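Reader: Please walk me through this model. I want to learn how to read its features one by one.

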Amino acid sequence: GGWLLLQNCHLGLEFLSELMDTITTRESLSEDFRTWITTEAHPEFPINLLQSSIKFTNDPPQGVKAGLKRTYSAVTQDLLEVSKMPQWKPLLYAVAFLHTTVQERRKFGPLGWNIPYEFNQADFTASVQFVQNHLNDVDIKHGVNWSCVRYMLGEVQYGGRVTDDLDKALLNTYARVWFGEHMFSEKFCFYKDYVIPKGKTVEDYLQYIEQLPVIDTPQVFGLHPNADITYQTNLANATLSTIVSIQPKDSSGGGGETREAVVQRLADEMLEKLPPDYNPHEVKAQLQKMGAIQPINIFLRQEIDRMQHVISRVRTMLTDLKLAIDGTIIMSEELQDALDNMYDARIPKLWFRISWESTTLGFWFTELLERNQQFSSWLQHGRPNQFWLTGFFNPQGFLTAMRQETTRMNLAKGWALDSVVLHNEVTKMMKEDVVGPPPADIGGVYIYGLYLEGAGWDRRNSKLVESPPKVLFTSLPVVHVYA
């Protein structure tokens with residue numbers, strides 16, 4: 001009649017089948033008996049056990065209100081009165097607000113943090129302990145040492161997890177703007193209507209938190225209002241993707257077209273449009289003509305090899321899929337994945353692994369044709385005047401090849417590759433306006449296909465400006481990259 005707690009069951013999956021048998025085959029089982037299992041999500045977790053269980057998930061709270069509420073629900077009256085210093089309660093609230101902010105920024109993806117960090121309760125506890133110790137040691141005459149407080153929060157307690165320089169700068173900015181003597185003034189606020197409440201009991205703070213907005217504008221965290229579009233889009237995509245993935249996968253028995261017929265028609269269309277394979281002898285001959293040992297041509301060779309790999313895999317899979325649908329060969333796991341994904345207009349896993357990111361199968365296939373067009377045109381007609389940088393598998397390799405080329409051209413001047421750096425100049429031309437290569441005295445390449453996320457571009461004055469409302473991406477003009 002007791003409770004049995006089994007923890008971290010993803011580490012002992014074999015035992016779970018045994019557990020299921022034990023529970024289901026027992027003749028007499030007490031009404032009060034419960035098994036509680038904790039586990040991380042795992043693809044091989046026994047599905048019958050999962051389906052017969054009541055499921056709980058422990059997710060971080062969403063929003064400033066929920067985050068602060070969770071934090072202050074764990075704060076005791078003793079902790080609130082642990083220090084007699086007047087700065088203690090406001091500082092405790094400010095650290096709680098910072099803790100909520102660093103966690104909330106994660107939902108905005110790369111706009112929030114360049115790298116998603118696992119900030120957790122331990123960071124908050126350690127920060128509160130530090131503030132408490134610091135106030136206990138403070139000399140009343142000199143007051144709080146703010147540079148020390150900012151350093152500990154921005155560089156050590158939260159900053160200790162941060163590995164990216166720009167993320168570190170962001171954390172230090174929060175510490176500088178929110179922590180200082182100014183935080184005790186009447187005018188101070190984190191953002192309008194988000195202030196430090198004056199309270200004596202935990203209940204006072206919880207009452208104040210209760211009247212905060214349920215949904216926060218991104219400006220509370222120092223982000224542009226457009227950041228919310230990215231978050232909402234990603235959330236909607238994830239939700240729809242989950243809904244699609246749990247749809248029944250059986251063939252339709254009604255009068256409509258079956259899944260297999262839809263996919264077979266799609267496979268026929270794609271095979272018809274798929275470009276022919278590259279002839280290795282022709283590729284070699286063309287590269288010899290252009291100068292096979294030039295860094296840029298070596299780069300082109302590598303890109304064509306990767307493109308050929310993608311084209312071959314796509315052709316093989318589409319051909320096999322048609323045969324499997326006809327019943328000529330057995331439907332393997334990979335082909336079943338391709339069937340399901342193509343029906344949902346998504347990219348089959350095998351193609352995705354060897355290619356590039358894209359939102360739908362249609363966009364992905366169009367990009368395959370456009371990428372291939374750039375390579376075959378370059379091979380047949382020589383070096384283009386401008387390059388679609390985002391159409392390369394390895395854009396960084398392209399820029400490195402250009403650096404090597406420029407270095408070789410200037411060997412007589414004593415240039416060395418280690419001391420050659422890249423320079424970018426955003427021109428006023430769009431890709432249609434480019435009629436020739438960059439000036440010979442400067443060299444370099446013209447590139448296009450770059451977008452700004454979260455910023456706009458003023459073409460007339462060639463400078464960054466605020467992103468227009470409700471516009472997520474801004475297309476950049478042609479960029480001249482030289483070394």
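Author: The centres of domain 1 and domain 4, taken over C-alpha atoms, are separated by 58 Å. The model is predicted: local features need pLDDT of at least 70, side-chain atom pairs count only at pLDDT 80 or more, and totals for chains, interfaces and linings use all residues. Residues are numbered from 1 along each chain as its sequence is written, and side-chain values use heavy atoms, with hydrogens and water left out.

Reader: What are the bounds of the domains in the assignment?

Author: Domain bounds come from an automatic or database domain assignment. Here that assignment gives domain 1 (3-52), domain 2 (64-226), domain 3 (258-383) and domain 4 (384-482).

Reader: How do I read a helix pair? At what angle do the axes of α13 and α16 cross?

Author: Start with the elements. Helices (H or I, at least four residues) and strands (E, at least two) are DSSP runs, numbered from the N terminus. Axes are lines fitted to C-alpha atoms, for helices over the stretch in contact, and angles run from 0 to 180 degrees between N-to-C directions. Now the case. Helix α13 (residues 295-326) and helix α16 (residues 361-381) have axes that come within 10 Å and cross at roughly 140°. That makes α13 oblique to α16. Angles under 35 degrees count as roughly parallel, over 145 as roughly antiparallel, 65 to 115 as roughly perpendicular and the rest as oblique.

Reader: Is the crossing of α13 and α16 left-handed or right-handed?

Author: A crossing is left-handed if the near helix is turned anticlockwise from the far one by less than a right angle, and right-handed if clockwise. α13 passes α16 in a left-handed crossing. On the α13 side, the contact (heavy atoms within 4.5 Å) is made by I296, N297, F299, L300, E303, I304, M307, V310, I311 and V314. On the α16 side, W364, L368, R371, N372, F375, W378 and L379 take part. By class, the contact of α13 with α16 has 13 nonpolar, 2 polar and 2 charged residues. Ala, Val, Leu, Ile, Met, Phe, Trp, Tyr, Cys and Pro count as nonpolar, Asp, Glu, Lys and Arg as charged, and the others, Gly among them, as polar.

Reader: How are α12 and α13 oriented to each other?

Author: They pack at an angle of about 165°, with axes 10 Å apart. α12 and α13 are therefore roughly antiparallel to each other. Their crossing is right-handed. V283, L287 and M290 of α12 meet N297, L300, R301 and I304 of α13. The contact of α12 with α13 divides into 5 nonpolar, 1 polar and 1 charged residues.

Reader: Now accessibility. Is Q132 buried or exposed?

Author: Buried means under 20% relative accessible area, exposed over 50%, partly exposed in between (1.4 Å probe, protein chains only). Q132 is buried, at 13%. Q132 sits in helix α6 (residues 121-137). Leaving aside residues up to four places away in sequence, Q132 touches L79, V82 and W88.

Reader: And where is A285?

Author: A285 lies in helix α12 (residues 280-290). It is partly exposed, with 41% relative accessibility. From C-alpha to C-alpha, A285 and G143 are 77 Å apart in space and 142 residues apart in sequence.

Reader: Backbone next. What is the phi of N8?

Author: N8 has a positive phi of about 50°, although N8 is not a glycine. N8 is in the loop between β1 (3-6) and α1 (13-25). Its relative accessible area is 42%, so N8 is partly exposed.

Reader: Where is A345 found?

Author: A345 is in the loop between α14 (333-343) and α15 (349-354). Its phi is near 60°, a positive value in a residue other than glycine. A345 counts as partly exposed, at 38% relative accessibility.
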